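Below is a short report on one protein model. The sequence and the coordinates come next, followed by notes on selected parts.

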Amino acid sequence: MKTLQGAHLRKPVTPDLLMTPSDQGDVDLDVDFAADRGNWTGKLDFLLSCIGYCVGLGNVWRFPYRAYTNGGGAFLVPYFLMLGICGIPLFFLELSLGQFSSLGPLAVWKISPLFKGAGAAMLLIVGLVAIYYNMIIAYVLFYLFASLTSTLPWEHCGNWWNTDLCLEHRGSQGGNGALPANLSSTVSPSEEYWSRYVLHMQGSQGIGSPGQLRWNLCLCLLLSWVIVFLCILKGVKSSGKVVYFTATFPYFILLMLLVRGVTLPGAWKGIQFYLTPQFHHLLSSKVWIEAALQIFYSLGVGFGGLLTFASYNTFHQNIYRDTFIVTLGNAITSILAGFAIFSVLGYMSQELGVPVDQVAKAGPGLAFVVYPQAMTMLPLSPFWSFLFFFMLLTLGLDSQFAFMETIVTAVTDEFPYYLRPKKAVFSGLLCVAMYLMGLILTTEGGMYWLVLLDDYSASFGLMVVVITTCLAVTRVYGVQRFCRDIHMMLGFKPGLYFRACWLLLSPATLLALLVYSIVKYQPSEYGSYRFPAWAELLGILMGLLSCLMIPAGMLVAVLREEGSLWERLQQASRPAMDWGPSLEENRTGMYVATLAGSQSPKPLMVHMRKYGGITSFENTATVLGG
């Protein structure tokens with residue numbers, strides 16, 4: 001018997017289906033998926049790309065404003081609590097999904113094909129966001145070029161675009177706080193430069209009559225798309241190198257603006273206004289909702305960017321550590337940006353003799369009106385203006401890289417044989433198509449369309465996608481199975497904190513956010529302009545379309561299966577046969593018997609049924625163990 005076993009050990013009989021390419025000799029494989037798909041080329045590529053993606057324009061123009069309107073320093077309590085409940089767990093979940101499977105937002109739903117519609121919804125959302133986000137980068141480029149002068153063009157009145165209401169709000173009150181009686185009815189030069197020169201909104205009657213194309217904005221938008229295309233030309237190999245600059249340089253500029261800001265007279269007044277704790281605000285549900293919204297949008301969960309970046313990692317990359325570095329780094333950056341912004345606003349309020357809350361704004365109003373106006377009050381104003389807009393450019397670009405890489409990766413992973421060899425061409429065509437779709441934003445009424453896209457493209461639809469993803473992974477696929485997959489990658493299972501958040505706390509918080517946003521729904525507006533009913537309906541349909549992709553995907557998945565409806569649902573919700581790590585050497589445990597090089601790997605159970613329940617490799621191991 002021992003002799004027979006020895007003979008078997010010397011020459012194991014391997015079923016053809018289980019042979020690896022090296023066993024089979026020279027096998028002509030059409031595509032070597034792992035090598036062809038690409039990976040990060042440096043150790044810090046992934047980490048810096050995630051930091052660049054998360055730390056964006058919202059850190060500068062949304063967080064400081066949200067903080068001061070929701071209790072100042074007291075806002076940090078719900079902010080960090082929501083970071084722990086929603087931000088960190090969902091961030092880690094998305095990174096884990098991407099790294100384990102090495103697949104983009106569409107193909108990753110091999111984990112449960114029933115929910116593939118959530119991946120399609122992600123793509124729709126990120127596509128709409130990418131169109132208008134690059135328009136904001138185009139505005140930044142416009143101001144960047146306008147800053148290359150000895151005198152900033154928005155410093156004085158008297159230009160052709162100024163009206164009689166224009167008044168140079170400078171510190172001419174002699175510091176006594178007395179204001180001209182009609183100051184509230186006047187307009188600053190920076191505001192008229194933005195609305196009447198850059199946007200030329202006087203040529204539009206509203207969203208229904210966008211007016212003419214602004215050729216200078218068309219060229220800026222074209223330049224921003226060219227920059228994005230050149231940076232994503234070779235996928236993560238090129239964008240992974242660019243982020244070494246775009247993710248780190250904003251911190252140098254932010255530090256310079258911070259040092260300059262806190263040394264200005266009146267700076268402390270602004271910082272006090274920003275951080276003075278008003279703890280009675282914590283009794284309001286609005287403050288907690290605002291904190292959750294800030295975390296949710298700032299970290300970029302649900303857009304597919306994190307999943308895409310993680311899919312290019314090596315299988316054992318320590319994403320657990322990276323999760324805490326990026327999420328906490330993002331929060332600290334937001335707080336620092338608040339100091340840089342409010343120190344300058346404090347100086348500005350002292351110069352103008354008005355309270356800080358009258359000069360503080362959020363969004364484009366801060367970036368393109370208030371802060372540029374503050375720059376004109378400083379010595380060497382063009383230099384500081386150029387630095388500020390260059391910081392905004394680098395902050396915006398790496399977020400845009402992530403949006404585009406998400407779309408390109410998702411579609412090429414879905415059709416690898418056709419698109420992966422032509423990835424650069426596909427990226428170029430996508431950029432051209434999105435540039436053409438974004439041309440309406442360069443019209444005289446383009447700002448109205450941008451506001452509509454901003455308000456609805458990633459509002460309730462994004463929350464629905466993230467809730468669906470969280471429930472599909474933890475409830476349908478199973479939290480125990482998911483934790484086992486993470487153990488295979490990282491060498492340990494996520495603790496009780498992560499499991500509790502994934503199963504209950506995170507989806508419950510997001511559901512509360514969703515209900516709150518529907519109950520407290522307010523129609524879009526821009527300044528005093530109210531959007532017509534048809535525009536509101538268009539916006540709501542935009543948000544609903546991404547939600548409807550989920551049931552549509554379920555219908556398609558169920559129709560592809562056989563049997564009764566319940567059987568079809570069960571089959572469609574189970575992981576696909578080739579779900580698991582992309583490389584054969586990483587397939588352990590239940591994934592061990594998948595076929596290297598096969599186009600349709602099959603799980604171990606199929607081979608056990610066909611070959612009597614044990615493979616020759618396991619047989620060898622059994623004999624050696626005996």
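Phe 482 lies in helix 23, which covers residues 460–490; helices (H or I, at least four residues) and strands (E, at least two) are DSSP runs, numbered from the N terminus. With a relative accessibility of 3%, Phe 482 counts as buried. Buried stands for under 20% relative accessible area, exposed for over 50%, and partly exposed for what is in between (1.4 Å probe, protein chains only). Leaving aside residues up to four places away in sequence, Phe 482 touches Leu 93, Ser 96, Leu 97, Val 473, Tyr 477 and Trp 502, where a contact means heavy atoms within 4.5 Å. Phe 100 is 382 residues from Phe 482 along the chain, yet their C-alpha atoms are 9.9 Å apart.

The model is predicted: local features need pLDDT of at least 70 and side-chain atom pairs pLDDT 80 or more, while totals for chains, interfaces and linings use all residues. Residues are numbered from 1 along each chain as its sequence is written, and side-chain values use heavy atoms, with hydrogens and water left out.

The protein has 28 helices and two strands. Of its 626 residues, 55% are buried. Among contacts with a separation of 6 or more, 82% are between residues 24 or more positions apart.

The structure holds one disulfide, a term for a pair of cysteine sulfur atoms within 2.5 Å. Cys 157 and Cys 166 form it, with their sulfur atoms 2.0 Å apart. The torsion about their S-S bond is about -80°, so the disulfide is left-handed. The sulfur of Cys 218 is too far for a bond, at 9.5 Å from the closest cysteine sulfur, in Cys 220. Cys 470 is in no disulfide either, and the nearest cysteine sulfur, that of Cys 86, is 8.7 Å away.

| Cysteine | Relative accessibility | Class |
|---|---|---|
| Cys 157 | 23% | partly exposed |
| Cys 166 | 11% | buried |
| Cys 218 | 10% | buried |
| Cys 470 | 1% | buried |
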